[in-house]
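Please consult the sequence and the structure shown here alongside the text.

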Amino acid sequence: MEEKTNVMRTLERLKLPYRHYAFDTGGGAISGTEVADILGKDPAGVFKTLVTVGKSGKYYVFMIPVAEELDLKKAAKAAGEKSIDMLKSKELLPLTGYVHGGCSPIGMKKQFPTFIHMTAADVETITFSAGKIGFQVELPLLSLQKAVRVSLADVVVE
């Protein structure tokens, strides 16, 4: 019997079709570009999920292509914050229920405002963490937007 993550169960409960991938990472987190290589995917369609905290103390989630870097100024502007910082790694699990390298925008303990880089609209499907290291799901942006409220924004370093 294949292992299912909470992300997969959520997508199935919402009747949103997806493809899933499972692969061995040697027990630890690997880079997003390594994930794209393992899956044979264009890194432009594979997204990493980053959690940030605004000056206000509110949390925000950003999904960006794995080969890109989050522009904190653009992220703050998208979120309507004066400034934004990356969440410290040790704070990720208690806040989201996910570990570094296995964080997904779907199924967090609490839903936070979520932004995805605007290039997600340019690809047929997006691939992102299924909520566990070594597990990924692939689906159209429209399906993701049915599972989680996601806004398109220009949030990567040019």
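What percentage of the 158 residues in the protein do buried residues make up? They make up 46%. The model under discussion is predicted. Its fold comprises five helices and eight strands.

**Overall architecture**
- Read from the N terminus, the elements of the protein follow the order α-β-α-β-β-α-β-α-β-β-β-α-β.
- The radius of gyration of the protein is 15 Å, which agrees with the value near 15 Å that a compact globule of 158 residues would have.
- The C-alpha trace extends over about 45 × 35 × 30 Å along its principal axes.
- Of the contacts with a separation of 6 or more, 62% involve residues 24 or more positions apart.

**Surface and charge**
- The protein has an accessible surface of about 8400 Å², and carbon and sulfur atoms account for 52% of this surface.
- There are 20 positive and 18 negative charges, and their mean positions lie 10 Å apart.

**Helix 4**
- Helix 4 covers residues 89-96, and its residues Leu92, Leu95 and Thr96 are buried.
- These residues lie on the same side of helix 4, because the arc they cover around the axis is only 85 degrees.
- In an α-helix, residues three or four places apart point the same way, because each turn has 3.6 residues.
- The buried residues of helix 4 pack against strand 2 (47-54) and strand 3 (59-65).
- Lys90 and Pro94 are exposed, on the face of helix 4 turned away from its buried side.
- After helix 4 comes Gly97, with a positive phi near 90 degrees.

Methods:
Residues are numbered from 1 along each chain as its sequence is written. This is a predicted model: local features need pLDDT of at least 70, side-chain atom pairs count only at pLDDT 80 or more; totals for chains, interfaces and linings use all residues. Side-chain values use heavy atoms; hydrogens and water are left out. Helices (H or I, at least four residues) and strands (E, at least two) are DSSP runs, numbered from the N terminus. The radius of gyration is taken over C-alpha atoms; the globule rule is 2.2 Å times the number of residues to the power 0.38. Buried means under 20% relative accessible area, exposed over 50%, partly exposed in between (1.4 Å probe, protein chains only). Contact means heavy atoms within 4.5 Å. Accessible areas come from the Shrake-Rupley method with a 1.4 Å probe; for residues, only the protein chains shown count as cover. Lys and Arg count as positive and Asp and Glu as negative; His and the chain ends are not counted. The place of a charge is taken as NZ of Lys, CZ of Arg, CG of Asp or CD of Glu. The arc is that of the directions from the helix axis to the C-beta atoms.
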